Amino acid sequence: MSSPPPLVVDQVWKTYRSEAEELAVLRGTSLRLGAGESAAVTGASGSGKSTLLNLIGGLDQVDSGSILVGGVDVATLPERALAAFRRRLGLVFQFHHLLRDFTASENVQLPLLIGGAHRHAAGTRAAELIAAVGLTPHASRYPHQLSGGERQRVAIARALAAHPEVVLADEPTGNLDERNAGEVGDMLFGLAEQRGVTLLVVTHDRSLAARAQLHLHLEHGQLHVAGERSPP
Amino acid sequence: MTAPAPTLAARGYAPGAPRRRELARLVLALAWRFLLRRRTVSGVRSGLRGAVLGIALSLVPLTVVMVVANGLIDGIVDRYLELGSYHAQVAIADSQLASGASVEVVAGFVAALPGVEVAIPERRGSTLLAAGGRRVVAELRAVPVDLPQTDRGFAAMVEVHGGSFDLTGNGVVLSAELARQLSVAVGDQLHLVAVPSNLIAPVAGDAELGAARLGGPPRLTAVRVQGVFSSGYQELDRRWAFVSLATAARALPAGRELIGIKVGDPHDPAALAAVVAEAQRLVGQLGRVRDWKVLEAASLRSFESSRALLLFVVAMIVVIATVNVASATVSVSLTRRQEVAYLKAMGLPPAAVFASLTLAGTLAGAAGAILGVAVGLAAAVNINEALALVERGVSWVAQLVAGAGQAAEPIALIDRSFYLESIPFTLPAEQVAVVAAATVALATLAAAIPALAAARLRPLAALARTA
Ligand SMILES: Nc1ncnc2c1ncn2[C@@H]1O[C@H](COP(=O)(O)OP(=O)(O)OP(=O)(O)O)[C@@H](O)[C@H]1O
Ligand SMILES: [Mg+2]
């Protein structure tokens, strides 16, 4: 028996409604990623890239269509199950979204602790991931004591902490200079590949997009394949 | 085109999947940081430390008032029932005065009753005290000369300032207030002027009644001041002058006769009631026996109502302080909106968000309560010194205002005649515990409301805004 694909987006529609207007952002968007596959989504500002990620992440609800993560339809999940669902994903945002009152190591432990991991296990796992992103000397620093690139590396470690099936990243390098962006991009794709995690990255950065196996372009509410490269 | 979705439980998405103990630990850690830390996304100083201080500050006066009110009332009640009403009292019927029945003999029988520790024969009545040109109305209390020796409760509540409590011969022991009004000291002589009791209104202040108004020559009895005493509560003792029963036989023809009864524990209602019943059976028609609660009902009621009023006022302060917690928690949940959103995006269940913010309120309440009660108790233990210090400070300022030239009257913040001169410390443990528990409960409740809103927060709403 083969396990279901980690990520299936099928004919998703999403329209934002305000008193003045209706904005159909996603119009039958579809996407399918297998285990360990990576994809980059590019598109003009306002084309709906973040909207798509938010829907996949269970942070927003589709109008129609379905999003299956590991075979589970996000749209059908009640609020309490949604919290459990979110624990199966890793999220990386443009801004690190680290908790200010927690050290780098503690931030990485959070998804594990939220998932009910024992604190010793969480500590060990966090140390391993902090080492993987090259921040062992800074493990007990608070976010404000870290540079932008370092914070983003902590965010990547955090996203990978709880053994997610899928990692979603929204402009993970959008706030970094070129050198840092390159390093963080390497780390994100490298670690995802190494650990067999399915990765979906939204980016404006062409060089980052080029690292993905699948390069998709979002336009008029639909995804088009802009480039493909066979897995290494 | 896709395989049918497996059940939620099979995929491990079932609610409540995280191990509860680990999650509880995390909730506690979050609550702790919400309480103490103040680095927030917006950089706004947050945390509940201000709320802790607010609660503590409002609990300090509450604790002081509770302890002091308790000590004052207990002290006053003790003085009433050790010195004034006694634990119980046999009021000898008026008609018996003429019959020649001796109150001392009856007291001897009462003393032999089970449960009675001491029975004190006494004659009370109003009289005039005259010394030099001064005349003052007094309540003459004729008691056995060995009363301070036989009644330990009496002796404990009476402080002799000058001389000794010596009623032998023609000795009189005056309250400090009477001695002051008459300008007499130990060794001085004064006269008891027998007055028909109906001529002197009990409320007469320092009325000086001229001998002429009494009609006919007054009977004078010379006595000597052997001691000056104070009970510490002027309102009770200001008109008391103690003499021996023998002196009263000459000087107080129209007194009330009574037998004061002391039992082991006046606060044991069952034992007291038994003694009262026994004594009533013994004296029969000769008199009426009542316990101190009945005798002093009016005073006790007024104490309790003033205590209730005082506590009510101060309790309002606590309520206001816990509103502090509510607003502090609101501001915490507002300034932590994004962090709450991150946590929810990471899969922290709404219940855990609610619990951690509410728990932060509980912790704030508990910390404030502990701090406030501790400081309050410390202040209450040293209340006499604290009051004296404040009064000295106020007097000093008054002196400055009055100018160096003239001497300002020392200022008393509380009128000593209405309160005990020295406030005893009795810990109302139950009340303090109730107040502390109520504070914690209120703080929890105050935090729960904004916490509920934070738990319901949709993470996207807060995530959209970036740091
Ligand atoms: N909550 C919302 N309500 C109404 N309109 C919204 C909302 N969120 C997004 N939009 C609109 O939907 C469109 C798509 O937004 P989205 O954030 O997905 O764009 P994006 O592709 O991520 O853009 P960028 O590259 O600038 O991040 C935009 O026009 C945006 O204004
Ligand atoms: Mg975007």
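This is a predicted model: local features need pLDDT of at least 70, side-chain atom pairs count only at pLDDT 80 or more; totals for chains, interfaces and linings use all residues.

Trainee: Okay, so is A:Ala169 buried or exposed?

Mentor: A:Ala169 has a relative accessible area of 0%, so A:Ala169 counts as buried.

Trainee: And where does A:Ala169 lie?

Mentor: In strand 7 of chain A, which covers residues 166–170.

Trainee: Which residues is A:Ala169 in contact with?

Mentor: Leaving aside neighbours within four places in sequence, A:Ala169 is in contact with A:Leu53, A:Val92, A:Leu188, A:Leu200, A:Val201 and A:Val202.

Trainee: What about A:Leu199, how far is that from A:Ala169 in space?

Mentor: C-alpha to C-alpha, the two are 7.8 Å apart, though 30 residues separate them in sequence.

Trainee: Switching topic: how many residues are in the largest nonpolar core?

Mentor: 107. The members that touch the most others are A:Leu7, A:Ile56, A:Ile67, A:Val69, A:Leu200 and B:Leu348. There's also a second, separate core of 46 residues, with B:Ile76 and B:Leu272 among them.

Trainee: Now helices. At what angle do helix 2 and helix 16 of chain B pack?

Mentor: About 160°, with their axes 10 Å apart. That angle makes helix 2 of chain B roughly antiparallel to helix 16 of chain B.

Trainee: Which residues of helix 2 of chain B make the contact?

Mentor: B:Ile55, B:Leu59, B:Leu62, B:Met66 and B:Asn70. On helix 16 of chain B, the partners include B:Val432 and B:Ala443. The residues of this contact divide into seven nonpolar, three polar and no charged.

Technical notes. Residues are numbered from 1 along each chain as its sequence is written. Chains are lettered from A and ligands numbered from 1 in the order in which they are written. Side-chain values use heavy atoms; hydrogens and water are left out. Axes are lines fitted to C-alpha atoms, for helices over the stretch in contact, and angles run from 0 to 180 degrees between N-to-C directions. Helices (H or I, at least four residues) and strands (E, at least two) are DSSP runs, numbered from the N terminus. Angles under 35 degrees count as roughly parallel, over 145 as roughly antiparallel, 65 to 115 as roughly perpendicular and the rest as oblique. Contact means heavy atoms within 4.5 Å. Ala, Val, Leu, Ile, Met, Phe, Trp, Tyr, Cys and Pro count as nonpolar, Asp, Glu, Lys and Arg as charged, and the others, Gly among them, as polar. A nonpolar core is a set of buried Ala, Val, Leu, Ile, Met, Phe, Trp, Tyr and Cys residues joined through side-chain atoms within 4.5 Å. Buried means under 20% relative accessible area, exposed over 50%, partly exposed in between (1.4 Å probe, protein chains only).
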